[in-house]
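Here is a short briefing to read with the structure open beside you.

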Amino acid sequence: MDLVELTQRLEKISVGYGERLGFDRDPDWFLLKLQEEVGELTQAYLQHTGRARAKGATQDDIRSTFHQEFADVLCQLLLFAHQHDVDLSQEIERKWLVYEA
């Protein structure tokens, strides 16, 4: 999956989300939304590992939610990077892939 193409698709979805719910996706929103999603991933992880109430969810539901929260975090991170003109592919090359053996 190409990050640039994915980010463009996510941006369209996010714009529509803001329009439907009637809010401005200002620069603070992107960071706050990312934080919200990381919190939801944390909650799902705690449920997945048996350290939080299941709230009536089955183990399959808990596992599915846990997996889906990773997608939410990644998508919000891509949108946040896009908002700040960060080329994630380039930054991954510079920060991580220079250590490939």
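In this predicted model, Glu 11 and Arg 25 form a salt bridge, with their closest N and O atoms 2.5 Å apart. Glu 11 sits in helix α1 and Arg 25 in the loop between α1 and α2, so the pair ties together parts that are 14 residues apart in sequence. Both Glu 11 and Arg 25 are buried.

**Other salt bridges**
- The count of salt bridges comes to four.
- Lys 33 pairs with Glu 37 at 3.8 Å between the closest N and O atoms; both lie in helix α2, four residues apart, which is about one turn of the helix.
- Lys 33 counts as buried because its relative accessibility is 12%, and Glu 37 is buried too, at 7%.
- Lys 33, Glu 36 and Glu 37 are linked in a network of salt bridges.
- Glu 91 and Arg 94 meet through their side chains in a salt bridge of 3.2 Å, N to O; being three residues apart in helix α4, they are separated by about one helical turn.
- Glu 91 is partly exposed, with a relative accessible area of 28%, whereas Arg 94 counts as exposed at 55% relative accessibility.

**Around Ser 14**
- Ser 14 is part of helix α1 and counts as buried, with 5% relative accessibility.
- Beyond its neighbours within four places in sequence, Ser 14 is in contact with Arg 25, Trp 29 and Leu 79.
- Ser 14 and Arg 25 are eleven residues apart along the chain, and their C-alpha atoms are separated by 8.5 Å.

**Nonpolar cores**
- The largest nonpolar core has six residues: Leu 6, Leu 10, Trp 29, Phe 30, Leu 78 and Leu 79.
- Helices α1 (3-21), α2 (27-48) and α3 (59-83) each give two or more residues to this core.
- Apart from this core lies another, of five residues, including Leu 34, Leu 41, Ala 44 and Val 73.
- Leu 78 is in contact with Leu 3, Leu 6, Thr 7, Leu 10 and Leu 88, leaving aside its neighbours within four places in sequence.

**Helix α3**
- With 25 residues, α3 reaches 36 Å from its first C-alpha to its last, close to the 36 Å expected at 1.5 Å a residue.
- Among the buried residues of α3 are Ile 62, Phe 66, Glu 69 and Gln 76; their cover includes α1, α2 and α4.
- After α3 comes Asp 85, with a positive phi near 55°.

**On the surface**
- Ile 92, Trp 96 and Leu 97 form a nonpolar patch with about 320 Å² of accessible area together.
- Trp 96 lies in the segment after α4 (88-95) and counts as exposed, at 64% relative accessibility.

Terms used
Residues are numbered from 1 along each chain as its sequence is written. This is a predicted model: local features need pLDDT of at least 70, side-chain atom pairs count only at pLDDT 80 or more; totals for chains, interfaces and linings use all residues. Side-chain values use heavy atoms; hydrogens and water are left out. Patches are made of residues with over 30% relative accessible area and no salt bridge: like charges are joined within 9 Å, nonpolar side chains (Val, Leu, Ile, Met, Phe, Trp, Tyr) within 5 Å. Accessible areas come from the Shrake-Rupley method with a 1.4 Å probe; for residues, only the protein chains shown count as cover. Buried means under 20% relative accessible area, exposed over 50%, partly exposed in between (1.4 Å probe, protein chains only). A nonpolar core is a set of buried Ala, Val, Leu, Ile, Met, Phe, Trp, Tyr and Cys residues joined through side-chain atoms within 4.5 Å. Contact means heavy atoms within 4.5 Å. The expected span of a helix is 1.5 Å times one less than its number of residues.
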